[in-house]
Amino acid sequence: MSLPDRADDVRVAEDYYDSDDADRFYFEIWGGEDIHVGLYDGVGVPAIREASVRTVAAMARKLRGLGPDSTVLDAGAGYGGAARYLARETGANVICVNISETQNALNRTKNEDQGLAGKVSVLHGSFDDLPAADASVDVVWSQDAFLHGADRAKIIEEAARVLKPGGELIFTDPMQADDAPEDKLQPVLDRIHLPSMGSVAFYRAAATKAGLHEVGVDPLPEMLGLHYASVRQQLEQRREQLRGRLSDDYMDRMVAGLGHWVDGAERGWLNWGILHFKKPA
Ligand SMILES: C[S@@+](CC[C@H](N)C(=O)[O-])C[C@H]1O[C@@H](n2cnc3c(N)ncnc32)[C@H](O)[C@@H]1O
């Protein structure tokens, strides 16, 4: 059931991620835990699933002191792979907030299956209106989700609102380069119906306005190109096997759309990285 009175961008993302084609594409290509850009170190080409877990581990290493008394809110949590990683590795309690009930259903099942249902809760909600009280969480975590929001300043404000004093916001996002030519980005936006893209400069300004201090920004734009080239290759190689589960039209559009992402990354128009901010104690 969709959330009432939502803005267009929220409904577009909800319809997209709830659709059979999108759900099967992400589940099959990423492996059913994560749906985000992975980390590649140039030593061989790890599977998408393995590279994706590396990103979660790299972000988790930047957070100190997570433990059984901590609460993390994962905004746009997908299938909940990062939530289970954090709960398992640190004992933290994780609240997943996600707009897709299709993904939320699988997230809940995996939490039960992996014995983590007592640690990981799953809420149907939007990151521009978080279902959490002011100053109630230690960490707001998000991976490759804010790109779907039209009002990203509001999303950062919401994260700042729910953080306790001294709490941390850590996220990744596919972004445009600060100096990207706006007129070239439309084919990139069209692949997954994005309203626009954020940038490092935008997020720095939004975080400052929301009263957050920068802990560190790691721009890793090369990962975006490597990752989406790998996703496109997987889709092309497994096309016959996936026929019947994914429509031909969706696969055609995705292969072409991913090409625009790889091209945009190679031309230096796109960015991706880990951004880390802190609310003053
Ligand atoms: C690329 S997936 C990333 C999922 C997850 N963070 C991960 O890394 O595996 C983008 C996610 O953003 C979620 N999303 C998009 N718009 C949202 C919104 N307004 N509020 C909450 N979640 C949203 C989608 O449902 C999807 O799970």
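Helix 1 gives the most to the shell around the ligand, with three residues. Helices here are DSSP runs of H or I with at least four residues, strands are runs of E with at least two, and both are numbered from the N terminus. The model is a predicted one: local features need pLDDT of at least 70, side-chain atom pairs count only at pLDDT 80 or more, and totals for chains, interfaces and linings use all residues. Residue numbers start from 1 along each chain as its sequence is written.

In total, 23 residues surround the ligand. The closest are Ala13, His36, Gly76, Gly78 and Ala145. Two elements give two or more residues to this shell, namely helix 1 (8-18) and strand 2 (93-98). A residue is near the molecule if its C-beta atom, placed from the backbone, lies within 6 Å of it. By type, the shell holds nine nonpolar, 11 polar and three charged residues. Nonpolar covers Ala, Val, Leu, Ile, Met, Phe, Trp, Tyr, Cys and Pro; charged covers Asp, Glu, Lys and Arg; the others, Gly among them, count as polar.

The protein has 11 helices and nine strands. Its radius of gyration is 18 Å, close to the 19 Å that the globule rule gives for 281 residues, so the protein is as compact as a globular protein of that length. The radius is taken over C-alpha atoms, and the rule is 2.2 Å times the number of residues to the power 0.38. Along the principal axes, the C-alpha atoms fill a box of roughly 50 × 45 × 45 Å. Of the contacts with a separation of 6 or more, 74% join residues 24 or more positions apart. Contact requires C-beta atoms, placed from the backbone, within 7 Å.

Buried residues make up 44% of the 281 residues. A residue is buried if 20 or more other C-beta atoms lie within 10 Å of its own, exposed if 12 or fewer, and partly exposed in between, with C-beta atoms placed from the backbone. In soluble globular proteins, nonpolar side chains tend to be buried together. The largest nonpolar core has 77 residues. Such a core is a set of buried Ala, Val, Leu, Ile, Met, Phe, Trp, Tyr and Cys residues joined through C-beta atoms within 7 Å. Leu73, Val94, Val140 and Ala159 have the most contacts inside the core. Beyond its neighbours within four places in sequence, Leu73 touches several residues, including Ile95, Val97, Trp141 and Val162.

Helix 3 (residues 48-62) has 15 residues. From first C-alpha to last it reaches 22 Å, close to the 21 Å expected at 1.5 Å a residue, where the expected span is 1.5 Å times one less than the number of residues. Its buried residues are Ile48, Ala51, Ser52, Val53, Thr55, Val56 and Met59. They pack against elements that include helix 2 (20-30), helix 4 (81-90) and strand 9 (273-278).

Met251 lies in helix 11 (residues 248-266). With 19 C-beta neighbours inside 10 Å, Met251 is partly exposed. Leaving aside neighbours within four places in sequence, its contacts are Leu235, Arg239, Leu242 and Leu246. Arg239 belongs to helix 10 (residues 239-242).

Most residues other than glycine have a negative phi. Ala135 has a positive phi of about 50 degrees and sits in the loop between strand 3 (120-124) and strand 4. His193 has a positive phi of about 60 degrees. His193 counts as exposed, with 12 C-beta neighbours inside 10 Å.

Technical notes. Two residues are in contact if their C-beta atoms, placed from the backbone, lie within 7 Å.
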